[in-house]
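Here is a short report on the strands, helices and aromatic rings of one model. Please read it alongside the sequence and the coordinates.

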Amino acid sequence: MRKRIAFITVNAEKLYQTSLIEAMWQQSAALDYDFVVLTHFVNFDNETEYLKGDENIYTLIRQLRFDGAVIDLGSFYSRSLSKKLEDMLFEKGIPVIALDYVSERFESCLQNNREYFRQLTEHFIRVHGFTRIYCLSGPENVIHSTERIEGYKDALAEKGIPFRQDHVFYGDFWVNYAKSFAERIAKGEIERPQAIVCGNDFMALQLCLSFAENGINVPNDIAVGGYDGNPDVSSYRPSLTTIGSGFRENGIEAVCRLHKLISDEIPRYRTEVRPAVKVGASCGCRADTSGDAAISDKIFARDMTLGIFMHSNYSSMMNNVKNMDECAIVLAQNAYLLYPESDFFLCLCSSGEENSDSGYTDKMVCRMKYCNGRCDISQQEFALDTMIPPNELSDRPAAYIFTPLHYLDRNFGYCVRRYSDSIVFEQYYGEFCQVAANSIERIRMLDYERSLNDKIQQLSERDILTGLFSRKGLISKAGSLSPDRRYYGVIYCIEGAERFRGQYGNEYVRQIIVSLAQAVNLSCARGELAARTGSEEFIIIGECDDSDFPEQLFINSLKSNLKMIEMQQSISISAMLRRLSAVTDSSSAPTDMIAQLEKKLEDMRSSATESSSAFLGKLRELQYNVYEEPQLEWAAKKAAAQIGISTSYFQHLYRQFLNISFNADVISARLALAERLLVNTALNVSEIAEKCGYLDASHFMKLFRKKKGMTASEYRKAMTGIGA
């Protein structure tokens with residue numbers, strides 16, 4: 001296998017982090033390493049179950065093979081997690097570089113804070129002639145604060161400006177102190193300076209905002225400078241004068257040092273990054289926007305994709321899946337929400353094993369992959385150490401970003417993004433993954449509920465929900481009936497309960513079951529035995545009279561009681577019921593009749609659903625193809641012929657299984673494509689209509705307005721600010 005460098009960090013959705021990851025990966029690729037990023041989404045310092053599940057991703061430090069690692073502990077808020085990460089890396093016994101923090105265990109790689117802060121301060125003195133400059137640093141006795149203050153002193157000394165300790169203020173590297181600091185200056189509690197150089201961009205940005213709130217103009221009244229060149233604040237105004245690319249250069253230096261520790265060789269190639277003062281409007285200069293195009297493009301793309309995600313039907317579709325096969329198909333249908341130049345892998349622990357303490361299983365299963373713009377939902381088992389299926393490993397160095405897949409502290413597996421070019425990490429990617437995890441948990445709970453209900457039914461003589469006998473109780477009671485008498489049996493089943501559960505939820509189906517049980521109980525006035533023998537099945541056994549149809553008296557009574565309950569509760573049950581009957585004879589006992597009734601029901605269901613259930617997979621595959629290529633000429637008659645059923649039966653099954661008509665689903669798929677084209681291309685509406693399968697552009701425009709409540713042009717303008 002190719003050698004690997006691990007990067008341990010958090011907040012990978014921030015532009016600052018993706019910019020750092022991209023610089024480190026490019027250097028790693030130049031040295032022929034795969035670059036593996038382990039990261040999680042919730043950066044808090046607490047011990048919630050959710051956070052435990054999120055942090056489980058770092059057990060891969062122990063479980064995967066790495067030749068070396070870079071750890072960015074400065075980005076983690078949790079001190080307990082930081083200690084665990086250092087412990088795991090130390091125990092692994094591989095070379096480790098501590099990125100931009102001082103470690104007692106590993107070699108540290110710090111930014112040249114002193115020199116860069118000197119350059120920043122020197123700009124305010126040399127270019128603007130300021131002499132009364134304050135330094136707002138971070139916490140006292142922190143190396144980053146100390147080094148930046150020293151750089152501030154150096155710049156003052158070079159220009160012959162006396163250093164004053166009362167011009168140095170210790171902040172928090174965040175926004176809280178900057179707010180109060182600005183207010184104290186505005187109130188006159190602190191003498192107003194000509195300029196303030198800040199220890200990072202967040203404090204500088206907050207100063208600018210708080211000064212504006214207090215009537216102080218930046219830069220005319222007070223000039224402000226930041227530090228880091230953080231792209232996440234580049235869209236705010238006034239634009240900050242700051243130090244650009246210092247963190248990227250430090251990331252590259254960390255990779256080069258790690259390579260030296262791994263191979264004992266000096267890197268033969270080093271990616272060039274030149275940190276320097278990046279001029280913005282906050283110091284009084286005319287902002288230099290020459291280097292902002294790439295960042296602006298990423299911010300614009302991020303905002304646009306966020307809009308598409310918010311308007312997508314992804315969450316609703318995932319909320320309706322009932323098994324992992326359907327989950328994989330819906331994920332594939334929504335893979336367009338991910339950056340197309342990246343690959344995506346959904347990897348689950350094998351054999352349904354989930355445990356936040358034990359990490360990941362030695363064998364993993366890839367349930368869905370999205371590579372080169374194409375999706376594959378076939379299952380592929382692979383060894384954990386290969387990270388993804390071995391046949392999917394890139395033949396050249398790549399960046400792999402691992403994120404957790406869990407529900408609270410229940411670990412399902414992980415998601416992998418692979419990049420071979422620019423690193424783009426959507427703002428909503430964490431939500432995208434969590435929706436998938438929520439669906440997996442829902443599937444697990446549905447399976448568990450079915451299993452638990454089956455066990456309860458088997459073990460208990462009374463049904464907990466209805467109070468009737470269970471199957472076990474019915475058999476026990478039926479076994480004690482007199483063998484000298486004849487008995488009738490009636491079995492009722494609620495047809496379509498699963499469909500109603502999907503449409504209206506479990507509570508609706510529970511109400512129907514309880515109401516039917518009430519009617520059954522009211523109808524058992526002559527000593528009948530009544531039981532709920534399955535999730536939606538009821539069996540009633542009664543003693544025969546001399547009539548030809550001894551069960552008819554009970555059936556009529558149940559009809560009457562059901563009608564009364566339906567009127568009282570405003571529900572409909574009768575139309576959902578299927579009924580079968582049987583009578584004992586001289587050679588059969590009541591317990592034999594129970595088995596006979598259940599066999600009849602099974603045969604009836606098989607004959608009714610055998611053909612339809614066999615087509616479920618084909619219908620799901622058809623739906624996937626519709627969303628993959630909605631512009632094709634999709635017709636119910638042609639689709640039905642391909643599957644081998646009549647058009648009317650096809651339309652019935654499509655609505656039954658997928659909760660939407662075929663024609664409506666085609667329209668939904670085409671409009672989803674239209675939305676993407678409106679936002680991401682410069683095509684006019686007529687061209688988009690044609691690409692979505694509509695030869696008549698006016699018909700497309702009417703349909704779009706009817707479904708979306710606005711014209712296609714209005715939609716494009718709302719999403720992009722650009723007219724169609």
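## The parallel sheet

Ile-133 has Ala-195 in β8 as its bridge partner. This is a predicted model. The two strands involved are β6 (residues 133–137) and β8 (residues 195–198), which pair in the parallel sense over four bridges. They belong to an open sheet of four parallel-paired strands, ordered β7-β6-β8-β9. At the edges stand β7 (168–170) and β9 (223–225). Each has a single partner strand, so one side of each has no neighbour in the sheet. From one strand to the next, the twist averages 20 degrees.

A helix covers part of this sheet. Helix α6 (residues 143–158) lies across β6, β7 and β8 and runs at about 165 degrees to β6.

## The antiparallel sheet

Another open sheet has four strands in the order β19-β20-β18-β21, and its pairing is antiparallel. Its edge strands are β19 (529–532) and β21 (577–583), each pairing on one side only. Here the twist averages 15 degrees from one strand to the next.

Strand β20 (residues 537–543) runs antiparallel to β19, and four bridges join them. Within β20, Phe-538 stands opposite Arg-532.

Two helices pack here. Helix α14 (residues 471–479) lies across β19 and β20, at about 155 degrees to β19. Helix α17 (residues 552–569) also packs on the sheet, where it touches β18 (487–494), β20 and β21. The direction of α17 makes about 35 degrees with that of β18.

How many residues of strand β17 (residues 410–419) are buried? Nine of the 10 are, so the strand is largely enclosed by the rest of the structure.

β17 pairs with strand β12 (residues 342–349) and with strand β16 (residues 399–407). The table sets out both pairings.

| Strand paired with β17 | Sense | Bridges | Residues facing each other |
|---|---|---|---|
| β12 (residues 342–349) | antiparallel | seven | Leu-346 and Cys-415 |
| β16 (residues 399–407) | antiparallel | nine | Leu-405 and Gly-413 |

β16 and β17 form a hairpin with two residues between them. In the turn, Leu-408 has a positive phi of about 50 degrees.

## Aromatic rings

Searching the whole structure gives 23 aromatic pairs. One of them joins Phe-344 and Phe-432. Its geometry is edge-to-face, with 5.9 Å centre to centre and 90 degrees between the planes. What does this pair tie together? Phe-344 lies in strand β12 and Phe-432 in helix α13 (residues 429–459), so the pair links parts that are 88 residues apart in sequence. Phe-344 and Phe-432 are both buried.

The pair is part of a cluster. Ring pairs link Phe-344 and Phe-432 with Phe-41, Tyr-314, Phe-425 and Tyr-429.

## Helix α1 and helix α9

Helix α1 (residues 15–30) packs against helix α9 (residues 246–263). Their axes are 8 Å apart, at an angle of about 35 degrees. The crossing is right-handed.

From α1, the contact takes in Tyr-16, Ser-19, Leu-20, Ala-23, Met-24, Gln-27 and Ser-28. From α9, it takes in Phe-247, Arg-248, Gly-251, Ile-252, Val-255 and Cys-256. By class, eight of these residues are nonpolar, four polar and one charged.

Gln-17 is also found in α1. Is Gln-17 buried or exposed? Its relative accessible area is 5%, so it counts as buried, the cut-off being under 20%. Leaving aside residues up to four places away in sequence, Gln-17 touches Thr-9, Val-10, Asn-11, Ala-12 and Asp-72.

## Helix α19 and helix α22

The axes of helix α19 (residues 616–628) and helix α22 (residues 662–680) come within 8 Å. They cross at roughly 35 degrees. This crossing is right-handed.

Leu-622, Gln-623, Val-626 and Tyr-627 represent α19 in the contact. They meet Phe-662, Asp-665, Val-666, Ser-668 and Ala-669 of α22. The residues of this contact divide into six nonpolar, two polar and one charged.

Methods
Residues are numbered from 1 along each chain as its sequence is written. This is a predicted model: local features need pLDDT of at least 70, side-chain atom pairs count only at pLDDT 80 or more; totals for chains, interfaces and linings use all residues. Side-chain values use heavy atoms; hydrogens and water are left out. Two strands pair if DSSP finds at least two bridges between them. Axes are lines fitted to C-alpha atoms, for helices over the stretch in contact, and angles run from 0 to 180 degrees between N-to-C directions. Contact means heavy atoms within 4.5 Å. A crossing is left-handed if the near helix is turned anticlockwise from the far one by less than a right angle, and right-handed if clockwise. Ala, Val, Leu, Ile, Met, Phe, Trp, Tyr, Cys and Pro count as nonpolar, Asp, Glu, Lys and Arg as charged, and the others, Gly among them, as polar. Buried means under 20% relative accessible area, exposed over 50%, partly exposed in between (1.4 Å probe, protein chains only). Rings of Phe, Tyr and Trp (its six-membered ring) pair if their centres lie within 6.5 Å; planes under 30 degrees apart count as stacked, over 60 as edge-to-face and the rest as tilted.
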